[in-house]
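Q: I have a structure open here and would like to talk through its architecture. Could we begin with the terms and then move on to the chains?

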Number of protein chains: 4
Amino acid sequence: MKLKQVSVELVNSMNKGTLMEQLGIECIEIGGDYIKATMPVDNRTHQPMGLLHGGASAALIETIGSMGSVLLIDIEKEAPVGVEVNANHLGAVSSGSVLAKGLIVHAGKRTHVWQVDIWDQATDKLICTGRLTVMIVPRS
Amino acid sequence: MKLKQVSVELVNSMNKGTLMEQLGIECIEIGGDYIKATMPVDNRTHQPMGLLHGGASAALIETIGSMGSVLLIDIEKEAPVGVEVNANHLGAVSSGSVLAKGLIVHAGKRTHVWQVDIWDQATDKLICTGRLTVMIVPRS
Amino acid sequence: MKLKQVSVELVNSMNKGTLMEQLGIECIEIGGDYIKATMPVDNRTHQPMGLLHGGASAALIETIGSMGSVLLIDIEKEAPVGVEVNANHLGAVSSGSVLAKGLIVHAGKRTHVWQVDIWDQATDKLICTGRLTVMIVPRS
Amino acid sequence: MKLKQVSVELVNSMNKGTLMEQLGIECIEIGGDYIKATMPVDNRTHQPMGLLHGGASAALIETIGSMGSVLLIDIEKEAPVGVEVNANHLGAVSSGSVLAKGLIVHAGKRTHVWQVDIWDQATDKLICTGRLTVMIVPRS
């Protein structure tokens with residue numbers, strides 16, 4: 001089971017007028033079993049002390065897994081539904097951008113599980129790690 | 001241990017120029033052991049299918065707990081650091097707004113744990129439930 | 001949607017020869033939307049320092065939700081499958097027993113979500129809180 | 001920061017008279033940044049349908065991380081406290097044994113985060129993945 005190899009421009013065009021645009025999230029690479037995206041660390045994703053908001057990281061994890069699951073299913077007949085998301089925040093970032101890589105660790109008929117790691121692009125330091133559980137439901 | 005009873009205007013003024021402004025999150029009530037906020041369901045918080053993005057709910061949970069922990073500590077001497085966030089998505093919302101209530105379930109010297117529930121304001125249906133673990137660290 | 005009101009003796013008889021017997025977990029009450037169980041804090045559930053092992057609490061959460069989901073479905077036609085479990089450990093216990101209450105917070109056609117809290121029975125102090133996500137799958 | 005290279009016999013001797021003995025968990029290898037353990041899949045760890053109980057997997061994750069953190073700190077002056085544990089169950093096992101590997105992904109002064117994966121030893125299939133957050137507290 002491999003991710004459909006569509007262009008990142010296509011994926012990003014679907015994110016116009018959504019939370020992804022609001023937070024500046026951009027898909028940059030689609031592999032056979034992974035997907036990568038970047039997110040800026042600026043006023044769009046800061047908390048009040050000027051650091052990356054942990055909720056921005058969680059939103060990035062949920063985005064990565066959801067985008068990836070769309071590329072694993074027959075989108076005409078099925079839809080991915082996020083069921084559970086979790087994240088450990090491991091380090092602080094105040095500026096620049098972060099890179100997230102989501103790896104599919106379970107691609108079942110009914111559920112997908114994504115392992116997502118996020119790094120500070122300036123230092124390559126791991127700053128967040130989490131998972132997204134997606135349920136695949138038939139379109140009614 | 002009770003949350004400092006400051007005005008919601010003060011809390012919201014600290015959220016200017018941050019993710020909270022970007023997603024339209026507003027604190028609306030501060031109680032002795034809880035804090036409430038609202039978030040719009042519109043292009044700022046949608047995923048591509050026009051539903052509330054699960055990552056917006058996760059960001060709301062992280063926001064609620066972080067705002068609450070600031071009101072439980074001596075902010076001159078200590079800082080709250082989000083350690084782990086998790087959320088179960090229970091239902092879909094396509095428009096209007098959601099209401100989140102964060103209840104402090106553990107207010108220790110070193111950690112706080114917040115239980116956060118999110119309801120669709122139009123139907124009062126529970127659409128998300130999660131927790132945030134916060135570590136309290138001395139300012140250096 | 002209500003839990004089938006069977007006897008706790010019946011539930012406990014199904015737990016013979018399983019992890020539940022090994023850890024001393026016993027179902028003590030079944031309500032319309034909740035289920036309760038107890039677990040001893042002794043050599044069966046201790047970690048090396050003589051405190052309740054956090055893994056015992058996690059196992060109790062998974063047990064409570066799984067037992068509860070069995071009572072919400074048509075067990076001839078469907079089976080509950082644990083998908084995700086999580087827990088925050090809030091306090092230490094060294095002896096006696098703990099009481100867990102699992103409340104169903106989402107009883108969908110495809111998924112159940114249980115909110116489970118665990119208290120020290122000697123002090124009534126909340127020592128753990130967590131959730132279990134269960135997927136309901138048709139029997140093949 | 002590396003795990004102390006003690007013998008697995010020493011680690012296992014500390015687990016006598018605890019949940020680890022009850023569930024048959026045995027440490028089998030200690031590396032510089034990881035630790036491995038096995039657990040039987042039999043009446044000690046089954047749920048009523050004869051499959052590995054998800055709670056046994058969660059207990060194994062909590063055990064792995066806790067054992068590992070003990071080997072990363074000065075145990076005379078500090079103690080590890082499990083804060084949060086989570087797990088996704090990815091597949092069923094009915095007999096034999098499982099192998100768990102815990103990798104330290106964050107070894108901070110105040111917190112450790114362990115990424116733990118569990119495989120069916122007969123098939124090498126990944127059956128569970130999760131994390132444990134540990135707080136390091138000074139002994140009083």
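A: One definition comes first: two strands count as paired if DSSP finds at least two bridges between them. Please note also that this is a predicted model.

Q: Fine. Which residue stands opposite I104(C) in β5(C)?

A: I104(C) stands opposite W114(C). The strands concerned are β4 (residues 97–107) and β5 (residues 111–120) of chain C, which are antiparallel and joined by nine bridges.

Q: And what does α3(C) touch when it packs on the sheet?

A: Within chain C, α3(C) touches β1, β2 (34–40), β3 (78–89), β4, β5 and β6 (126–138), and it also touches β3 (78–89) of chain D. The direction of α3(C) makes about 150° with that of β3(C).

Q: What about α3(D)?

A: α3(D) packs on the sheet as well, touching β3 of chain C together with β1, β2 (34–40), β3, β4 (97–107), β5 (111–120) and β6 (126–138) of chain D. Its direction makes about 150° with that of β3(D).

Q: What is the strand order in that sheet?

A: The sheet is open and has 12 strands, in the order β1(C)-β2(C)-β4(C)-β5(C)-β6(C)-β3(C)-β3(D)-β6(D)-β5(D)-β4(D)-β2(D)-β1(D), and the pairing is antiparallel.

Q: Which are the edge strands?

A: They are β1 (26–30) of chain C and β1 (26–30) of chain D, each of which pairs on one side only. From one strand to the next, the twist averages 25°.

Q: Back to the helices. At what angle do the axes of α3 of chain C and α3 of chain D cross?

A: The axes of these two helices, each covering residues 54–70, cross at roughly 160° and come within 8 Å. Since angles over 145 degrees count as roughly antiparallel, α3(C) and α3(D) are therefore roughly antiparallel to each other. Their crossing is right-handed.

Q: Which residues of α3(C) and α3(D) meet there?

A: From α3(C) they are G54(C), G55(C), A56(C), A58(C), A59(C), E62(C) and T63(C). They meet G54(D), G55(D), A56(D), A58(D), A59(D), E62(D) and T63(D) of α3(D). By class, the contact has six nonpolar, six polar and two charged residues.

Q: Changing topic: how many residues does the contact of chain A and chain B take from each chain?

A: It takes 30 residues from chain A and 30 residues from chain B. On the chain A side, α2 (19–23), α3 (54–70) and β3 (78–89) each supply at least two residues. That side divides into 10 nonpolar, 17 polar and three charged residues.

Q: In what sense do β3(A) and β3 of chain B pair?

A: β3(A) and β3 (residues 78–89) of chain B pair in the antiparallel sense over five bridges. N86(A) has N86(B) as its bridge partner in β3(B).

Q: And how many residues does the contact take from chain A and chain C?

A: Eight residues come from chain A and eight residues from chain C. The elements of chain A that give two or more residues to its side are β3 and β6 (126–138). Three nonpolar, three polar and two charged residues make up that side.

Q: Lastly, how many helices and strands are there in chain A?

A: Chain A has three helices and six strands, and along the sequence they follow the pattern α-α-β-β-α-β-β-β-β. Its C-alpha trace spans about 45 × 25 × 25 Å along the principal axes.

Q: Why does its radius of gyration agree with a compact globule?

A: A compact globule of 140 residues would have a radius of gyration near 14 Å, and the 15 Å of chain A agrees with that.

Notes: Residues numbered from 1 in each chain as written. Chains lettered and ligands numbered in written order. Predicted model: local features only at pLDDT ≥ 70, side-chain atom pairs only at ≥ 80, totals over all residues. Contact = placed C-beta atoms within 7 Å. Helix = DSSP H or I, 4+ residues; strand = E, 2+ residues; numbered from the N terminus. Nonpolar A, V, L, I, M, F, W, Y, C, P; charged D, E, K, R; others polar. Axes fitted to C-alpha atoms, helices over the stretch in contact; angles between N-to-C directions. Parallel < 35°, antiparallel > 145°, perpendicular 65-115°, else oblique. Left-handed = near helix turned anticlockwise from the far one by under 90°. Rg over C-alpha atoms; globule rule 2.2 N^0.38 Å.
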